[in-house]
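Biologist: I've got the model open and want to go through it piece by piece. Can we start with how covered some of the charged side chains are?

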Amino acid sequence: MNSFLDHPARFVFFTGKGGVGKTSLACATAVRLCRAGVRVLLVSTDPASNVGQVFGQRIGNRIVEVGAVPGLSAMEIEPDAAAEAYRERVVGPVRGLLPEAEIAAITEQLSGSCTTEIASFNEFTALVTDPGVMDGYDHVVFDTAPTGHTIRLLTLPGSWTEFLERGKGDASCLGPMAGLDKQRAVYADAVGRLADPATTRLVLVARPQTSSLDEIARTSAELADVGMRNQSVVVNGVLAGAHGDDEDDDDEIDLVAAGFRQRQQAALDAMPDALRALPTETVPLRPENLVGVAALERLFEPVEASTASAHAVAGGPSPLSAPLSDLVDLIESDGHGLVMTMGKGGVGKTTVAAAVAVELAARGNEVHLTTTDPAAHLTDTVAGEIPGLTVSRIDPEEASAEYRRRVIAGKGTKLDEAGLAALEEDLRSPCTEEVAVFQAFSGVIHESRRRFVVVDTAPTGHTLLLLDATGSYHREIARQMGEGGRFTTPLMRLQDPAQTKVVIVSLAETTPVLEAAALQDDLRRAGIEPWAWVVNNALAASGTTDPVLHRRAELEREQLDAVRGGLAERLAVVPYSAEDPVGPEALRRLASGSGAAVTGAAVTGAR
């Protein structure tokens with residue numbers, strides 16, 4: 001059947017843009033392997049993991065058996081739990097031996113997002129290298145975070161190996177330098193295992209969409225450069241009729257289904273040559289939610305036409321309907337401010353952010369559109385110049401280089417030659433990137449005081465880590481200023497609804513809505529109240545009669561009711577469009593709810 005199933009490696013990594021189906025494919029692969037009689041460990045490295053939701057049981061930071069599948073165990077690397085355990089390993093042995101003030105200082109030093117990343121990373125490398133773990137399983141299947149962060153995870157073993165080999169830096173986020181010889185050996189072992197084609201296979205997952213396929217082409221090249229060359233491609237969610245299948249004549253009158261197929265086929269025809277050289281499989285678009293073992297077992301099977309009825313979904317606007325442009329009206333009324341789109345990977349944060357920014361700029365406003373997502377390509381989405389619109393991205397490498405230059409120009413001028421060499425060595429630590437990105441993000445927040453700034457954020461878990469760094473900085477400033485001190489931190493601006501509008505973006509599907517609701521809870525705990533929700537790419541508004549798309553539209557209505565019924569203070573729904581939302585005119589049509597080749601109108605509501 002599928003080559004990655006027929007000849008599975010010891011380690012199988014599923015990676016790709018958010019929302020392409022990595023979790024479903026990883027879970028279905030693990031189930032299929034277990035049904036063949038082998039022992040499998042399924043691991044999620046995504047901070048926004050939903051493996052537990054798929055299997056209907058609690059799966060946390062420790063390995064547990066999946067009750068419904070004999071031979072299957074699973075774990076989700078939870079950044080916060082990993083960081084707490086990491087801090088305890090460092091602080092525990094000296095608690096009671098050092099003064100409380102010194103213990104508190106060490107704990108604070110180990111409280112940033114860099115330590116969280118290292119703690120999660122160490123759990124990952126232990127799974128790849130620890131014989132005590134590996135001897136219990138025939139295969140380990142990794143459901144990874146969206147692309148940009150997976151690239152960072154898989155290249156960190158080499159980065160930390162190089163840093164530790166130099167051995168001169170202040171590894172404060174790792175804890176004391178003593179004892180790191182063992183970690184140096186572990187990281188080096190991880191590098192070797194990841195690069196061994198007999199041990200590791202990388203499965204690049206994409207939707208039949210141009211941006212998704214281009215993304216995995218870039219990922220393929222970057223990971224091949226660090227030695228991961230045993231790669232294959234899975235194109236997930238192909239609607240019958242694309243990729244050479246026959247279409248029913250009845251479907252020809254369904255403009256939505258025809259446009260859906262046309263966009264998919266055009267993307268497949270334009271697949272980058274580098275991907276065509278790799279083993280490639282297609283997986284059909286399923287009409288059901290992929291939750292539960294029975295649904296996972298059907299994932300690789302053909303879709304029968306009888307799986308869904310084929311009568312039209314009622315279209316037309318609800319009495320409370322509001323297109324995305326109505327949210328833009330409210331945003332514009334403030335004259336300036338920060339708009340942040342947040343949500344699970346693959347729900348369309350980049351498209352929604354671009355549509356909001358383009359609409360604001362087209363109305364004569366000065367707008368800065370930027371992103372904190374390493375995998376985002378805003379210029380590809382905007383694909384044109386608009387007066388008043390500036391497009392940028394917070395590039396980790398560029399931010400790190402600028403941060404190093406700034407630190408050396410400041411602290412470095414007061415150091416002798418040896419001190420300067422030590423400072424430069426410290427700044428080569430991979431942790432520097434976390435600090436640099438935070439500072440660049442802080443600059444963007446400050447800029448929104450005089451014009452509109454729209455930020456397309458990284459997928460949920462990594463955005464929360466960035467906000468964690470923002471919170472840590474706020475607490476440190478508050479401690480330094482003392483009671484009664486007057487100050488304003490980036491976190492305080494994010495908490496002020498007059499300055500910041502957080503827009504949660506979701507699809508009308510079970511898992512994205514659940515994760516968006518969990519994100520909303522996390523934001524509220526940080527004192528940040530989400531301003532609005534946008535449900536993107538809704539088939540429920542399309543009037544499609546295609547059996548598969550119709551069934552998916554019916555499921556969407558249940559989720560739209562849940563969002564409208566209490567989750568969203570303000571809600572806009574962007575209907576599915578047969579038009580690829582690229583370029584200023586297409587983005588403005590998307591904002592107005594008048595996408596090309598769509599029947600029906602947005603089904604929206606507000607509380």
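Biologist: Is R32 buried, partly exposed or exposed?
Modeller: R32 counts as partly exposed, because its relative accessibility is 28% (buried is under 20% relative accessible area, exposed over 50%, partly exposed in between, with a 1.4 Å probe and protein chains only). This is a predicted model, where local features need pLDDT of at least 70 and side-chain atom pairs pLDDT 80 or more, while totals for chains, interfaces and linings use all residues. Residues are numbered from 1 along each chain, and side-chain values use heavy atoms, without hydrogens and water.

Biologist: OK. What does the side chain of R32 meet?
Modeller: The side chain of E301, in a salt bridge of 3.6 Å, N to O (a Lys or Arg side-chain nitrogen within 4 Å of an Asp or Glu carboxyl oxygen). The bridge joins distant parts of the chain, 269 residues apart: R32 is in helix 2 (residues 22-35), and E301 is in the loop between helix 13 (293-298) and helix 14 (324-332). Helices (H or I, at least four residues) and strands (E, at least two) are DSSP runs numbered from the N terminus.

Biologist: And why is E301 called partly exposed?
Modeller: Because its relative accessible area is 32%.

Biologist: How many salt bridges are there in the whole structure?
Modeller: A search finds 21 salt bridges. Another of them is between R588 and E359, at 2.9 Å from N to O. R588 belongs to helix 24 and E359 to helix 15 (residues 349-362), so this bridge also links distant parts of the chain, 229 residues apart.

Biologist: Which residues are linked with them in a network?
Modeller: Salt bridges link D329, E332, E359, R363 and R588 into a network.

Biologist: What about D522, which residue does it form a salt bridge with?
Modeller: With R525, the closest N and O atoms being 2.3 Å apart. D522 and R525 are 3 residues apart in helix 22 (residues 510-525), so about one helical turn separates them. D522 is partly exposed because its relative accessible area is 28%, while R525 is exposed because its relative accessibility is 64%.

Biologist: Why can such side chains pair at all?
Modeller: Opposite charges on side chains can pair when their charged atoms come close.

Biologist: New topic. How many aromatic pairs are there?
Modeller: The search finds 3 aromatic pairs (Phe, Tyr or six-membered Trp rings with centres within 6.5 Å; planes under 30 degrees apart are stacked, over 60 edge-to-face, the rest tilted). One of them is F11 with F142, a tilted pair with 6.5 Å between centres and 50° between planes. F11 sits in strand 1 (residues 11-15) and F142 in strand 5 (residues 139-143), 131 residues apart in the chain.

Biologist: Which other rings pair up?
Modeller: F260 and Y576 do, and the pair is tilted because the planes are at 40°, with the centres 5.3 Å apart. F260 lies in helix 11 (residues 255-269), whereas Y576 lies in the loop between strand 15 (571-575) and helix 24 (584-592), 316 residues apart. Both F260 and Y576 are buried.

Biologist: Back to F11 and F142, how buried are they?
Modeller: F11 counts as buried because its relative accessibility is 1%, and F142 because its value is 0%. Ring pairs join F11, F13 and F142 in a cluster.
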